[in-house]
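Reader: I have a model open and want to go through its side-chain packing. Can we take it contact by contact?

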Amino acid sequence: MTDEMGTFRVDLQVENPARPGERRTVESVLVDTGAELSWIPAGVLESLGIERRRQWQFRPADGSVLERGGNVVEIHVAGKGAGDEVVFGAPGDLILLGSRTLEGLNFRVDPWNKRLLDAGPAPAAAAKSSQGLSRKAMRAGWHSRDHAEM
């Protein structure tokens, strides 16, 4: 299902990491790169035996303060899965797939074609091998495992 102005929706599955294999499908979840956390209806999470472990406070545009519970779950979208903390959504709350979950799933958002794309290899901070050291450093006995290059 698509919406206006580059927004779109996806179906996802939620799983309790403590009880692998049992999943619940949540349909028409709004992909929202402006939201840090994903919001899943509390009833879906409770049906999987997921309890509120953390209390979050949010300030919507009207200036009020909302309190919602959160916990870590496994989210599955388009054949990929990742663990992330989600918010227990109350009736009337939007159901959202937030940026942290999208990053954990290694998706990037294509707003023009309204779809999720594989983001490719994830960036890594890999140590350089000794082949990356200068000859002078090698003669001096420096090894990449002993000295980090800056």
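This is a predicted model: local features need pLDDT of at least 70, side-chain atom pairs count only at pLDDT 80 or more; totals for chains, interfaces and linings use all residues.

Reader: Is Asp110 buried or exposed?

Author: The cut-off for buried is under 20% relative accessible area. Asp110 has 9% relative accessibility, so Asp110 counts as buried.

Reader: Which side chain does a polar contact join to that of Asp110, and at what distance?

Author: The contact is between side chains. The partner of Asp110 is Asn113, and the distance is 2.8 Å.

Reader: Are the rings of Trp39 and Phe58 stacked, edge-to-face or tilted?

Author: Their centres are 4.8 Å apart. Stacked needs planes under 30 degrees apart, and edge-to-face needs over 60. The planes are at 50°, so this pair is tilted.

Reader: How many residues apart in sequence are the parts that the pair ties together?

Author: Trp39 lies in strand β3, residues 38-41. Phe58 lies in strand β4, residues 54-58. The pair therefore ties together parts whose separation in sequence is 19 residues.

Reader: What kind of aromatic pair do Trp56 and Phe58 form?

Author: The centre-to-centre distance is 6.0 Å. The angle between the planes is 20°, and under 30 degrees is the cut-off for one class. The pair of Trp56 and Phe58 is stacked.

Reader: What is the relative accessible area of Phe58?

Author: Phe58 belongs to one aromatic cluster with Trp39 and Trp56. Trp56 is buried at 14%. Phe58 is buried too, with a relative accessible area of 19%.

Reader: Which charged end sits over the ring of Trp56, and how far from its centre?

Author: The charge belongs to an arginine. It is Arg54, and its charged end is 3.8 Å from the ring centre.

Reader: How many residues does the largest nonpolar core have?

Author: Those with the most contacts inside this core include Leu12, Ile40 and Ile75. Elements giving it two or more residues include β1 (9-15) and α1 (42-47). Apart from it lies another core of eight residues, among them Trp39 and Trp56. The largest core has 24 residues.

How values were computed
Residues are numbered from 1 along each chain as its sequence is written. Side-chain values use heavy atoms; hydrogens and water are left out. Rings of Phe, Tyr and Trp (its six-membered ring) pair if their centres lie within 6.5 Å; planes under 30 degrees apart count as stacked, over 60 as edge-to-face and the rest as tilted. Helices (H or I, at least four residues) and strands (E, at least two) are DSSP runs, numbered from the N terminus. Buried means under 20% relative accessible area, exposed over 50%, partly exposed in between (1.4 Å probe, protein chains only). A charge sits over a ring if NZ of Lys or CZ of Arg is within 6 Å of the ring centre and within 35 degrees of the ring normal. A nonpolar core is a set of buried Ala, Val, Leu, Ile, Met, Phe, Trp, Tyr and Cys residues joined through side-chain atoms within 4.5 Å. A polar contact is a pair of N or O atoms within 3.5 Å; within protein, one must be able to donate a hydrogen and the other to accept it, and residues adjacent in sequence count only if both atoms are side-chain atoms.
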